[in-house]
Amino acid sequence: MEYLLDTNICVFFFRNKFNIPNILIKKGIRNCCISEITVVELRFGAENSTNPQKHHKLIDTFLQRIRVIPITNAIGVYASEKVRLRKAGIPINDEFDLLIGATAIANDMILVTDNEKHFNRLSNIKIENWVKK
């Protein structure tokens with residue numbers, strides 16, 4: 001099974017928190033991917049940090065080791081889930097999270113996140129939380 005890492009898991013990896021680096025090694029980095037949207041969020045975080053150059057370099061190194069999944073084949077899932085949730089009165093207002101979740105669903109991946117509450121509203125999503133607080 002392949003894993004799609006949410007942005008918060010990547011941040012925990014960079015900060016060496018919650019044993020995420022060891023879990024990635026155990027699961028196999030080749031079995032882990034990130035969405036293009038996660039790259040966007042990581043780049044924004046780096047640019048918004050007190051040391052953008054250092055953080056962009058860290059992201060560059062990470063991107064050399066992990067596969068980035070395009071969102072193209074998730075667009076249909078995104079649209080149908082957005083409409084379904086809106087009609088049910090429980091919309092996800094974070095477009096990026098909805099796109100990341102749709103990417104996991106469309107590619108039949110397990111979404112790894114510490115934000116289960118936000119994502120478990122999506123139909124057919126598989127979630128794992130590797131964070132032990």
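The model is predicted: local features need pLDDT of at least 70, side-chain atom pairs count only at pLDDT 80 or more, and totals for chains, interfaces and linings use all residues. Residues are numbered from 1 along each chain as its sequence is written, and side-chain values use heavy atoms, with hydrogens and water left out. Helices (H or I, at least four residues) and strands (E, at least two) are DSSP runs, numbered from the N terminus.

**Packing of helix α1**

- Helix α1 spans residues 7–14 and helix α4 spans residues 52–65. Their axes come within 12 Å and cross at roughly 110 degrees. Axes are lines fitted to C-alpha atoms, for helices over the stretch in contact, and angles run from 0 to 180 degrees between N-to-C directions.
- α1 and α4 are therefore roughly perpendicular to each other. The classes are: under 35 degrees roughly parallel, over 145 roughly antiparallel, 65 to 115 roughly perpendicular, and the rest oblique.
- On the α1 side, Cys10, Phe13 and Phe14 meet Leu58, Ile59 and Phe62 of α4. Contact means heavy atoms within 4.5 Å.
- By class, the contact of α1 with α4 has six nonpolar, no polar and no charged residues. Ala, Val, Leu, Ile, Met, Phe, Trp, Tyr, Cys and Pro count as nonpolar, Asp, Glu, Lys and Arg as charged, and the others, Gly among them, as polar.
- Helix α2 (residues 20–27) also packs on α1, at an angle of about 110 degrees, with the axes 8 Å apart. This pair is therefore roughly perpendicular as well.
- Ile9, Phe12 and Phe13 of α1 make the contact with Ile20, Pro21 and Leu24 of α2. The class count for α1 with α2 is six nonpolar, no polar and no charged residues.
- Thr7, Ile9, Cys10, Phe12 and Phe13 of α1 are buried. Buried means under 20% relative accessible area, exposed over 50%, and partly exposed in between (1.4 Å probe, protein chains only).

**Cysteines**

- A search of the whole structure finds zero disulfides. The cut-off for a disulfide is a pair of cysteine sulfur atoms within 2.5 Å.
- Cys10 is in no disulfide, and its nearest cysteine sulfur, that of Cys32, is 9.4 Å away. Cys10 counts as buried, at 1% relative accessibility.
- For Cys33, the closest cysteine sulfur is also in Cys32, at 7.2 Å, too far for a bond. Cys33 is buried, with a relative accessible area of 0%.

**Buried polar side chains**

- Thr113 lies in the loop between β4 (110–112) and α7 (116–119). Its relative accessibility is 0%, so Thr113 counts as buried.
- The side chains of Thr113 and Asn8 are joined by a polar contact of 3.4 Å. A polar contact is a pair of N or O atoms within 3.5 Å; within protein, one must be able to donate a hydrogen and the other to accept it, and residues adjacent in sequence count only if both atoms are side-chain atoms.
- Beyond neighbours within four places in sequence, Thr113 is in contact with Asp6, Asn8, Ile9, Phe119, Ile127, Glu128 and Asn129.
- Thr103 is in helix α6 (residues 95–106). At 0% relative accessibility, Thr103 counts as buried.
- Thr103 and Val77 are 26 residues apart in sequence, yet 7.9 Å apart in space, C-alpha to C-alpha.
- Leaving aside neighbours within four places in sequence, Thr103 touches Leu4, Ser35, Ile69, Pro70, Ile71 and Ala74.
- Ser35 sits in strand β2 (residues 32–35). Ser35 counts as buried, with 0% relative accessibility.
- A polar atom of the Ser35 side chain lies 3.0 Å from the backbone nitrogen of Ile37.

**Positive phi angles**

- Most residues other than glycine have a negative phi.
- Asp108 is not a glycine, but has a positive phi of about 50 degrees. Asp108 is in the loop between α6 and β4 and is partly exposed, with a relative accessible area of 47%.
- Asn124, again not a glycine, has a positive phi of about 65 degrees. Asn124 is found in the loop between α7 and β5 (126–128) and is exposed, with a relative accessible area of 68%.
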